[in-house]
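Please read them with the structure open.

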Amino acid sequence: MHQHLQNLTKSLGLLCLVASLAGCVASRKAEQKARFERVRALAGTRATYCSPPRKADTRVDVDRLIAELVEINANTYSFCLHRYATDWDDLQLILPRAREKGISVWASIVPPSESPPIAKTYAEPFRLDYVRWAVEFAKLSLQETNLVAWSIDDFTHNLAKTYTPAYLKQMLDGSRQINPRLAFVPCCYFPKIKPAFTTNYCPLIDGILFPYRHESAGANLKDASLVESELKQIKELVGPSFPVVLDIYATAHSRLGATTPEYVEQAMLAGKRAADGVMIYCHQDPEKNAEKYQIIKRLFSAWAAEAAPR
């Protein structure tokens with residue numbers, strides 16, 4: 001009897017171990033599948049970012065925004081929640097209209113360095129509660145399936161005090177428990193993308209939004225010649241399958257000044273060759289910034305035609 005109990009105990013233990021291992025394998029496969037879907041949602045991004053057209057009451061002119069995105073053949077729009085308290089409501093108006101046209105949406109919020117007391121306004125309504133933002137974006141993405149990613153501006157300027165790996169993991173665990181397919185793609189500047197960053201952060205995030213500023217040889221918004229070189233350096237660190245979306249300044253930067261239409265075109269062409277997607281900061285007004293708008297339209301339209309099934 002004693003030997004029988006020993007054998008039974010060993011058998012049960014073995015079954016538990018097998019079940020546990022099977023559970024771990026299934027869990028890993030599920031996470032790999034979810035990560036693949038998050039990465040796939042970023043491939044071939046043709047996007048504009050921020051500065052939507054607004055009505056006299058400051059609400060987003062959703063009809064006009066969607067019409068312009070369709071006209072320029074953008075397949076993605078990144079909406080920044082920051083300037084107005086109504087932005088959260090406007091995001092929820094943009095999403096279904098964009099979905100009707102096959103346009104994906106990213107939601108972008110601001111870090112502490114772009115919030116009071118440094119800046120005038122918070123991202124509303126959740127302000128600096130980034131765990132809550134992660135959860136709320138995930139909930140919204142279940143309702144509006146074209147919300148494929150969210151981002152934090154100037155992420156790498158706020159690592160030490162706010163976005164530690166432990167806090168970021170807490171944020172993303174909460175989000176992925178709700179919707180494991182929602183990608184997180186923070187804004188990361190060239191000087192901060194170092195081996196330590198890739199070790200500590202790249203296993204957690206799903207891609208990098210890379211704002212090009214020629215920072216490997218002196219920051220400026222005049223010279224687009226290092227776009228491919230800097231993207232290559234980033235790719236060597238993060239790996240070829242890790243998405244890097246190039247963010248190009250079409251609108252002036254407060255410190256580095258304005259860009260020319262020629263610069264925007266050169267940077268876009270280089271980004272098409274070396275990045276996994278191209279995003280334009282900001283969304284350009286077709287009348288006030290007609291030349292840049294037409295360049296974006298021409299290139300996005302050509303790229304859309306290349307990507308179309310034959």
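**Notes on helix packing and aromatic pairs**

1. Helices here are DSSP runs of H or I with at least four residues, strands are runs of E with at least two, and both are numbered from the N terminus. The model is a predicted one, in which local features need pLDDT of at least 70 and side-chain atom pairs count only at pLDDT 80 or more, while totals for chains, interfaces and linings use all residues. Residues are numbered from 1 along each chain as its sequence is written, and side-chain values use heavy atoms, with hydrogens and water left out.

2. The axes of α8 and helix α9 (residues 290-307) are 9 Å apart, at an angle of about 20°. That makes α8 roughly parallel to α9. Axes are lines fitted to C-alpha atoms, for helices over the stretch in contact, and angles run from 0 to 180 degrees between N-to-C directions. Angles under 35 degrees count as roughly parallel, over 145 as roughly antiparallel, 65 to 115 as roughly perpendicular, and the rest as oblique.

3. Which residues of α8 meet α9? They are P261, E262, V264, E265, M268, L269 and K272, and they meet E291, K292, I295, I296, R298, L299, F300, W303 and E306 in α9. By class, this contact of α8 with α9 has nine nonpolar, no polar and seven charged residues. Contact means heavy atoms within 4.5 Å. Ala, Val, Leu, Ile, Met, Phe, Trp, Tyr, Cys and Pro count as nonpolar, Asp, Glu, Lys and Arg as charged, and the others, Gly among them, as polar.

4. Helix α8 (residues 261-274) also packs with helix α7 (residues 227-238): their axes come within 9 Å and cross at roughly 30°. The two are therefore roughly parallel to each other. On the α7 side, V227, E228 and L231 meet A267, A270, G271, R273 and A274 of α8. The residues of the contact of α7 with α8 divide into five nonpolar, one polar and two charged.

5. Helix α2 (residues 62-71) packs against helix α3 (residues 87-100) at about 40°, with the axes 10 Å apart. That makes α2 oblique to α3. The crossing of α2 and α3 is right-handed. In α2, V62, D63, L65 and I66 meet L93, I94, R97 and A98 in α3.

6. R64 is found in helix α2. With a relative accessibility of 32%, R64 counts as partly exposed; buried means under 20% relative accessible area, exposed over 50%, and partly exposed in between (1.4 Å probe, protein chains only). Leaving aside neighbours within four places in sequence, R64 is in contact with P53, D285 and P286.

7. For aromatic rings, Phe, Tyr and Trp (its six-membered ring) pair if their centres lie within 6.5 Å; planes under 30 degrees apart count as stacked, over 60 as edge-to-face and the rest as tilted. By this rule the count comes to 17 aromatic pairs. W133 and F137 form a stacked pair, 5.3 Å centre to centre with 25° between the planes. Both lie in helix α4 (residues 130-143), four residues apart, and both are buried.

Methods: Left-handed = near helix turned anticlockwise from the far one by under 90°.
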